[in-house]
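Open your viewer, keep the selection tool at hand, and follow the stops below.

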Amino acid sequence: VYGALVVPAAAHLAGIVAQRREMFPSEKVCLRSVEIVSPVVVEEGSVACCEYRHLLSSASWEVHSKSEEQYVLHMKGLVNSSASNDGKLWTEDEEG
């Protein structure tokens, strides 16, 4: 993006889905209301390390990285683990 090396958002979505399937193997996973807050920019010679947080009480998830001494939010969204999503990995938000 504009000459910078960034981690594709699809890589984060795949990571969230994989972790969720590992936590709840019998459930189908559907991501919704996905919001890209800021890209994960990889500086030359460095390694991008992200933390995927599953907030079970609110059925949501977040992608963070640590920059110096603070965490940076990169993506967030909701997860629907019901059997009613027909096996889709993500869907458009019903509210628009």
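## First stop: the hairpins

Select strand 4 and strand 5: in their hairpin, four residues lie between the strands, and Ala 59 takes a positive phi near 50°. Before going on, note that this is a predicted model, in which local features need pLDDT of at least 70, side-chain atom pairs count only at pLDDT 80 or more, and totals for chains, interfaces and linings use all residues. Residues are numbered from 1 along each chain as its sequence is written, and side-chain values use heavy atoms, with hydrogens and water left out.

Strands here are DSSP runs of E with at least two residues, and helices are runs of H or I with at least four, both numbered from the N terminus. Two strands pair if DSSP finds at least two bridges between them. Strand 4 (residues 50-55) and strand 5 (residues 60-67) run antiparallel and are joined by six bridges. Click on Cys 50 to find its bridge partner in strand 5, Ser 65.

## Second stop: the core

Which residues make up the largest nonpolar core? Select Leu 13, Ile 16, Val 17, Val 29, Leu 31, Trp 61, Val 63, Met 75 and Val 79, nine residues in all. Helix 1 (9-23), strand 5 and strand 6 each supply at least two residues of this core, and helix 1 gives the most, with three. A nonpolar core is a set of buried Ala, Val, Leu, Ile, Met, Phe, Trp, Tyr and Cys residues joined through side-chain atoms within 4.5 Å. Buried means under 20% relative accessible area, exposed over 50%, and partly exposed in between (1.4 Å probe, protein chains only).

Move to Glu 35 in strand 2 (residues 30-36). Glu 35 counts as partly exposed because its relative accessibility is 39%. Leaving aside residues up to four places away in sequence, Glu 35 touches His 74, Met 75 and Lys 76 (contact means heavy atoms within 4.5 Å). From C-alpha to C-alpha, Glu 35 and His 74 are 8.5 Å apart, though 39 residues separate them in sequence.

## Last stop: confidence

Colour by pLDDT, the predictor's confidence in each residue, from 0 to 100. The protein's mean is 81, but pLDDT stays under 50 over residues 83-87 and residues 89-96. Where pLDDT is low, the predicted coordinates should not be read in detail.
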